[in-house]
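Okay, everyone, thanks for coming. Let me put the structure up, and then I'll walk through what I found in it.

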Amino acid sequence: DMAWLEDKLETYRNERCLIFTHLFFPDRAGNLNGIYPTGNWLGGAQLTRIQGLCDHYKNTIWFSGHSHWKWYLQKYQDRENIYRNNCGWCVHIPSCASPTDSNGSSRVNMPLESEGAIVDVYENYIDIRGMDLKNEKYLPIAQYRLDTTLVEIPAKDTPGEGQTGLTWNY
């Protein structure tokens, strides 16, 4: 429920929030070279609204999956796994059941493989250690440290209170 999520993000706007969703942001992490089938992700007003939340609440880390792309595919697109451009962090996690491989222009499901991550949370950063779960090995290409130093997020106006002058356009 978008209203519930927005309310929680506003309540905890100056704290680090980890959000887990199934669907990814198509123009951020999770859509390798734009080759994932169109229409298999958020779109329209819902995408605009949730991206607005990601843009405003910069203390958030949005974990998603859906496209199943393997960790190493960042060699084809540097934002495939991790994305941040003046917004909250966007992190795409591969599939533990059937990761997807690619040559950079097509998709191949790998049902006998398994990838995931260990996420360690510290005061001002998060370490993400991508793993080949089937073989119980860390993947050197999938080791990330995300700076999660808190930033001050202005309060959203409540009608009649006029706290910040901030307006919301979804």
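So, of the 170 residues of the chain, 45% count as buried, where buried means under 20% relative accessible area, exposed means over 50%, and partly exposed is in between, with a 1.4 Å probe and protein chains only. Keep in mind that this is a predicted model: local features need pLDDT of at least 70, side-chain atom pairs count only at pLDDT 80 or more, and totals for chains, interfaces and linings use all residues. Residues are numbered from 1 along each chain as its sequence is written, and side-chain values use heavy atoms, with hydrogens and water left out.

Now the overall layout. The chain has two helices and nine strands, all of them DSSP runs numbered from the N terminus, with helices being H or I of at least four residues and strands E of at least two. Reading from the N terminus, the elements go α-β-α-β-β-β-β-β-β-β-β. The radius of gyration is 17 Å, close to the 15 Å that the globule rule gives for 170 residues, so the chain is as compact as a globular protein of that length. That radius is taken over C-alpha atoms, and the rule is 2.2 Å times the number of residues to the power 0.38. Along the principal axes, the C-alpha atoms fill a box of roughly 55 × 35 × 25 Å.

On to the sheets. Quick reminder: strands of a sheet pair through backbone hydrogen bonds, either parallel or antiparallel.

If you want a spot to look at, serine 64 stands opposite histidine 92 in β4.

Another open sheet has three strands, ordered β7-β8-β9, and its pairing is antiparallel. Here β7 (115-121) and β9 (137-147) each have a single partner strand, so one side of each is left without a neighbour in the sheet. The twist averages 20° from one strand to the next; for that, axes are lines fitted to C-alpha atoms, for helices over the stretch in contact, and angles run from 0 to 180 degrees between N-to-C directions.

How do β7 and β8 connect? A hairpin joins them through three residues. Seven bridges hold β7 against β8 (residues 125-132), and the two run antiparallel. Glycine 116 sits opposite methionine 131 in β8, and aspartate 120 has aspartate 127 as its bridge partner.

By salt bridge I mean a side-chain nitrogen of Lys or Arg within 4 Å of a carboxyl oxygen of Asp or Glu. Arginine 129 is partly exposed, at 25% relative accessible area.

How many salt bridges does the structure hold? Seven. Take arginine 28 and aspartate 55, at 2.7 Å, N to O. This pair links distant parts of the chain, 27 residues apart: arginine 28 is in the loop between β1 and α2 (44-56), and aspartate 55 is in helix α2. Arginine 28 is buried at 8%, while aspartate 55 is partly exposed at 30%. Then there's glutamate 10 with arginine 13, at 3.2 Å, N to O. Glutamate 10 counts as buried at 15%, and arginine 13 as partly exposed at 21%. There's also a network of salt bridges linking Glu6, Arg49 and Lys156.

Last stop, the surface. Leu18, Phe20, Val119 and Val121 form a nonpolar patch with about 350 Å² of accessible area together.Patch residues have over 30% relative accessible area and no salt bridge; like charges are joined within 9 Å, and nonpolar side chains (Val, Leu, Ile, Met, Phe, Trp, Tyr) within 5 Å. The areas come from the Shrake-Rupley method with a 1.4 Å probe, and for residues only the protein chains shown count as cover. β1 (17-20) and β7 each supply at least two residues of that patch. Phenylalanine 20, in strand β1, counts as exposed at 61% relative accessibility.

And over in β9 we have proline 140, exposed at 75%. Proline 140 and tyrosine 72 are 68 residues apart in sequence, and 9.0 Å apart in space, C-alpha to C-alpha.

Conventions:
Pairing = 2+ DSSP bridges.
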